[in-house]
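Dear colleague,

Please find below the structure that I am handing over to you. My notes on what was found in it follow directly after.

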Amino acid sequence: MTDTLGLAGRTAIVTGAAKGLGRAYARWLAARGCAVVVSNRVAADGSSQAQPVVAEILAAGGRAVAHDGPVQSGEAAVSAVAAATSHFGEPDIFVSNAGVQAFRDFATVTSAVIAEPTGDQVSSS
């Protein structure tokens, strides 16, 4: 595919990249010449959810590496940047696609419920 956007040779980190839009973003960037860090939290069984997307990108001739970890923690975010830097160079692009889903009745949502998945990075004060 022709790179008319100047993405070839750049490094991207895509969070929430195991499926849906995140997977599409990772594959789209790779098809245009970006090296991609495919970041996603591990599956419940401990396996990598990012690795199958990496395999797809590699099979298509792209460059990618998996990063397994929830990026809502500072340590995991630093780890994703370290993975990018060690494999491809400093990241140029960051796609913040990771989301946390907690389905419940809106009337029952409190600030404590909001803080659960984010590790208390959200505050009402």
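This is a predicted model: local features need pLDDT of at least 70, side-chain atom pairs count only at pLDDT 80 or more; totals for chains, interfaces and linings use all residues.

The chain contains four helices and four strands.

The chain has 125 residues, and 32% of them are buried. Its accessible surface comes to about 7,400 Å², and carbon and sulfur atoms account for 55% of that surface. If you consider the contacts between residues at least 6 apart in sequence, 62% of them join residues at least 24 apart.

I turn next to the interior. In soluble globular proteins, nonpolar side chains tend to be buried together. In this model, the largest nonpolar core has 18 residues, and those with the most contacts inside it are Val 14, Ala 26, Leu 29, Val 36, Val 38, Ile 57 and Ile 93. At least two residues of this core come from each of β1 (11-15), α1 (20-31), β2, α2 (51-59), β3 (63-68) and β4. There is also a second, separate core of five residues, among them Ile 13, Val 37, Val 65 and Ala 80.

Leaving aside residues up to four places away in sequence, Val 36 touches Ala 12, Val 14, Ala 26, Leu 29, Ala 30, Arg 63, Ala 64, Val 65 and Phe 88.

Ser 39 lies in strand β2, which spans residues 35-40. Is Ser 39 buried or exposed? Its relative accessible area is 1%, and the cut-off for a buried residue is under 20%, so Ser 39 counts as buried. The side chain of Ser 39 makes a polar contact with the side chain of His 67, at 2.9 Å. Beyond residues up to four places away in sequence, Ser 39 touches Val 14, Thr 15, Gly 16, Ala 17, His 67, Gly 69 and Val 71.

Gly 99, by contrast, sits in the loop between β4 (93-95) and α4 (111-118). Gly 99 and Gln 72 are 27 residues apart in sequence, and their C-alpha atoms are 9.3 Å apart in space.

Yours sincerely,

A colleague

Conventions:
Residues are numbered from 1 along each chain as its sequence is written. Side-chain values use heavy atoms; hydrogens and water are left out. Buried means under 20% relative accessible area, exposed over 50%, partly exposed in between (1.4 Å probe, protein chains only). A polar contact is a pair of N or O atoms within 3.5 Å; within protein, one must be able to donate a hydrogen and the other to accept it, and residues adjacent in sequence count only if both atoms are side-chain atoms. Contact means heavy atoms within 4.5 Å. A nonpolar core is a set of buried Ala, Val, Leu, Ile, Met, Phe, Trp, Tyr and Cys residues joined through side-chain atoms within 4.5 Å. Accessible areas come from the Shrake-Rupley method with a 1.4 Å probe; for residues, only the protein chains shown count as cover.
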